[in-house]
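My plan is to go through it piece by piece and write down what I look up.

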Amino acid sequence: MSKPVTTPQEAVAPVYDGATVMISGFGGSGAPIELVHALIDQGAKGLTIVNNNAGTGQVGLAALIREKRVEKVICSYPRTNDARCFTELYLEGKIALELVPQGTLAERIRAAGAGMPAFFTRTAAGTELAKGKETREIDGVLYVLETWLKADFALVKADKADRGGNLTYRLSARNFGPIMCMAAKTSIVQVREVGPKGSIDPEIVVTPGIYVDRIAHVAEPVQEEVLFNSGARYP
């Protein structure tokens, strides 16, 4: 089936107050900036955000946090070079944090997409991050039970899509995008280019269209590196 191709504003319209929203990106690489700022304009609040970090500077996720739309952040790296928006609110007790090791974060998301409710990992065994969690010794090694991480929505940046929703990504901007599309009830993807069905060779499809619900066409996405390094606000 063909997926609807809309503007970022139309694409994020279904996001509701209190939703859990995954946002792709590793620092600035692969961050769906236009979708996030469309979400700010849309007004949803009380959100739980799943991301690799907690925002940088005044752009994207940081801006969403600055506007006090986020109730909780689930991430692996909350202390980026310029995480001022999150840090200020966290120290004031106005935003919650769930800290998850990076590999565990990725696997919890992937597990949700694969229908696996839980798995054992050595990561965090014997540390404060394992406090309150089930542990088990397997072959003489202590493991921690981690549960899947699902979301109501995923905001993802890809490079190209066809009208069937099949996606490709640009280099390292791929990062969390594919697994977030799988783990969310509704995946919303911004892409630079949209072609007809069959315009992407099946051999190079990274995310099959079955995992994509809504496509936002952003022909000239902002350059993340420029914004993140300059400290500028967007838009």
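Is Leu171 buried or exposed? I looked it up: Leu171 counts as exposed, at 68% relative accessibility. Here buried means under 20% relative accessible area, exposed over 50%, and partly exposed in between, with a 1.4 Å probe and protein chains only.

**Ground rules.** I note that this is a predicted model, where local features need pLDDT of at least 70, side-chain atom pairs count only at pLDDT 80 or more, and totals for chains, interfaces and linings use all residues. Residues are numbered from 1 along each chain as its sequence is written, and side-chain values use heavy atoms, with hydrogens and water left out. Helices (H or I, at least four residues) and strands (E, at least two) are DSSP runs, numbered from the N terminus.

**Positive phi.** I stayed with Leu171 for a moment. Leu171 sits in the loop between strand S11 (167-168) and helix H6 (177-183). Its phi is positive, about 50°, although Leu171 is not a glycine. Then I went to Ala124. Ala124 also is not a glycine, and has a positive phi of about 80°. Its loop runs between strand S6 (118-121) and strand S7 (135-138). Ala124 is buried, with a relative accessible area of 13%.

**Helix H5.** I checked the length of H5 next. H5 has 13 residues (102-114), and at 1.5 Å a residue they should span 18 Å. The expected span is 1.5 Å times one less than the number of residues. The end C-alpha atoms are 18 Å apart, which agrees. Which residues of H5 are buried? I found Thr104, Leu105, Arg108, Ile109, Ala111 and Ala112. They cover an arc of only 155° around the axis, which puts them on the same side of H5. The arc is taken from the directions from the helix axis to the C-beta atoms. Just after H5, Gly115 takes a positive phi of about 80°.

**The cores.** How many residues has the largest nonpolar core? It has 31 residues. A nonpolar core is a set of buried Ala, Val, Leu, Ile, Met, Phe, Trp, Tyr and Cys residues joined through side-chain atoms within 4.5 Å. Val15, Val21, Leu47, Leu64, Ile65 and Leu155 have the most contacts inside this core. The elements that give two or more residues to it include strand S2 (20-23), helix H2 (33-42), helix H3 (61-66) and strand S9 (151-157). A second, separate core has 25 residues, including Ile74, Leu105, Leu149 and Tyr169. I then followed Leu64. Leu64 touches Ile23, Val36, Leu39, Ile40, Leu47, Ile49, Arg69 and Val70, not counting residues up to four places away in sequence. Contact means heavy atoms within 4.5 Å.

**Strand S12.** S12 (residues 184-191) is mostly covered: six of its eight residues are buried. Two strands pair if DSSP finds at least two bridges between them. S9 and S12 run parallel, joined by six bridges. Phe153 stands opposite Thr186 in S12. S12 is also joined to strand S14 (residues 214-217) by four bridges, again parallel. Gln190 has Ala216 in S14 as its bridge partner, and Val191 has His217. Strand S1 (residues 5-6) pairs with S14 in the parallel sense over two bridges. There, Val5 stands opposite Ile215.

**Two open sheets.** I traced an open sheet of three strands in the order S6-S8-S7, with antiparallel pairing. S6 and S7 are its edge strands, and each pairs on one side only. S7 and strand S8 (residues 141-147) share four bridges. Glu137 has Leu142 in S8 as its bridge partner. Another open sheet of three strands has the order S11-S10-S13, with mixed pairing. S11 and strand S13 (193-195) stand at the edges, each with a single partner strand, so one side of each is left without a neighbour in the sheet. Strand S10 (residues 160-162) runs parallel to S13, with three bridges. Asp162 has Gly195 in S13 as its bridge partner.
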